[in-house]
Structure formats: C-alpha cells, structure tokens
Amino acid sequence: MDKFWQTISAKHLVESPALQIYQTNCLAARLQALEYNFPLCKAVLGDSLFTAVTKHYANSFPSGSDSLNDYGHHFPAFLSEIIPHNPTLQNTGYIDQMAELDWLLTQAYFAKDDDVNMINTVNDTVTEKTYISPSFSLGLCQINHPNLIKSDSFQSLMKEGFGESETLYTSLKLEIDNMHSSINQPVSTQNEATQNQPNPLHIAIVRYNLTIFVHLLSRDEYSLLQLIRERTPIFKLDELGLDSKRSSESLTAFKQKGLIIGLKDVIDDTLQ
C-alpha cells in the first residue's frame, strides 16, 4: 500500500493508464485544497496566476497527511523562493506573507481542541521538565511588507490590538478587490519594500471559544511565545534574562486570551 501511495503521488505520470487516473485525481484534490486553504492568496494573484503557481507547487509537493486540510505547509516558503525569479509575483511581493496568514488561519480553524483537563496548574510540584503548554491552535507570524502594514485592515488591528479573523479576512478581501479595480493603485514591489522597511507587526492567531482571534503582540511578547512554542522549560526562561515581572504579566494576558493553557510535564509527545 505504501508503494501504491508513493506511485500515485509521484511528480510524473506512470505508464499504467489505471494508475494515471489516481494520479490525476490526487493532483486535482491537492489543487482544490490549496484553493480552500489560501483564499487571500488567490484573491491577490487572480485565478489564472494562482492556478499556475499552485500547479507547480502541487506537482512538487505531494501530500504528507491523510487530511487535505493540512496540505500547503510549505506553500509560503515556496512563494518566497520563486518571487525573485518571477516579475509578475514581484509586483505582489507580500504574497508570501499573505500565504503565511492564510495558512495560520486555516490551521487554527482545524486544530484539535485544547484539553484543559490534562494541564497541571501552578503548584509546588513544578520540575525541571515542566513547560508552559501553548494552545494547539496557536500560530505566530510577522508582517513587514508596507502594503500590508499600511492597509486599513492592519491599521485597525494596530489600533484595537486584536480582532476576529473573519473581520480581518473580510476587510483584506475588500481592499484586495478595490486594488484590482483601480488601475492607478500604487503597489510597492519587493525591492521598494526593502528600501522602505517598516517595523514588523508581530501577530498571534488562536482559536478561543470557537472564534479565531488575531492578536497584535509586542516584540518581547512574540519572543516569549516563540520560546513557549519550543517548549522551553520554565526554569530556563529565567536563565534567558527575561524580565520576570513583565513575563509574569504577559503570561497572565496569554492565559486570558487562550494563547496558552497552563503547565505540563510530558515532553515526549509531538511538538505542535
């Protein structure tokens, strides 16, 4: 069976017509998954360019999961690699960051529920192996392209500090549509963006109480959450020179927002 899946997932069609049918169906399924998982990317690129790019990706990256909801993990990095070699993509130099946003929103939606019953509370039994458990739906990314940061959608996020993902998605989609409808809309290329680089926005995405939220973080909060996602033991956080009072305040805020669950001692399970 393993050989069968490897065969129908191969980049090139096999000689057997019967297996070619399976290969074609698998390719079509991967293309449809990319369309579902990266709706903002499709809105930015348009149907024809998105189809061309995703066909290239789907032929190069077979699915590594039984669920097509998980297909596209490497798509943002794939876009980053091909942008410098594609003049058309260079006109939308932020497309890889849009893909990262798409991917994290999709993963937050399909992430398994946090089992708070398996999490320890703060007590005297904290050991050297105890770490802070992040939400299974937690995703982190940085937005630094001027076109995105200056957009009304992210300006609103900067003002409020957080927002529902559906609101951000709808707002971004509307701005993209308006950009396509205006032939005089200024678009910063990748080179222009590099010359006029703003401070990046540090973003956390999480599903909390059945709603996906997008939170704006400070650089220190973002760094702390990165350490938490890496399951850094609690005792090592102090050794890293983090301000204990500020970290404590951040952890309290993280817990209230559902970014973290609590403490855990199990370290042999799969990293999130």
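What is the volume of the second largest pocket? The volume of the second largest pocket is about 360 Å³. The structure is a predicted model, in which local features need pLDDT of at least 70 and side-chain atom pairs count only at pLDDT 80 or more, while totals for chains, interfaces and linings use all residues. Residues are numbered from 1 along each chain as its sequence is written, and side-chain values use heavy atoms, with hydrogens and water left out.

A pocket is here an open set of points on a 1 Å grid over the protein atoms alone, where a 1.4 Å probe fits, with protein on both sides within 12 Å along at least five of seven lines; lining residues have an atom within 4 Å of a point. Grid points are joined across faces, edges and corners, and a volume is the space filled by probe spheres set on the points. The second largest pocket is lined by 16 residues, and L105, Y109, S165, E166 and I212 lie nearest its centre. Two or more lining residues come from each of α2 (17-37), α7 (95-110), α10 (165-181) and β5 (211-217). Helices (H or I, at least four residues) and strands (E, at least two) are DSSP runs numbered from the N terminus. Helix α7 gives the largest share of this lining, five residues. The lining comprises eight nonpolar, four polar and four charged residues, where Ala, Val, Leu, Ile, Met, Phe, Trp, Tyr, Cys and Pro count as nonpolar, Asp, Glu, Lys and Arg as charged, and the others, Gly among them, as polar.

Helix α7 also packs against α5 (residues 75-82): their axes come within 8 Å and cross at roughly 180°. Axes are lines fitted to C-alpha atoms, for helices over the stretch in contact, and angles run from 0 to 180 degrees between N-to-C directions. The two helices, α5 and α7, are therefore roughly antiparallel, a term for angles over 145 degrees. Contact (heavy atoms within 4.5 Å) involves F75, P76, L79 and S80 of α5 and I95, D96, A99 and E100 of α7.

Strand β5 belongs to an open sheet of four strands in the order β2-β4-β5-β3, with antiparallel pairing; two strands pair if DSSP finds at least two bridges between them. The edge strands, β2 (139-143) and β3 (162-164), each pair on one side only. Strand β4 (residues 201-208) is joined to β5 by seven bridges, and A204 stands opposite H215 in β5.

Helix α12 (residues 219-229) lies across β2, β4 and β5, at about 145° to β2. The axes of α12 and α14 (residues 244-257) come within 11 Å and cross at roughly 75°. Helices α12 and α14 are therefore roughly perpendicular, the range being 65 to 115 degrees.

Note on methods: Angles under 35 degrees count as roughly parallel, over 145 as roughly antiparallel, 65 to 115 as roughly perpendicular and the rest as oblique.
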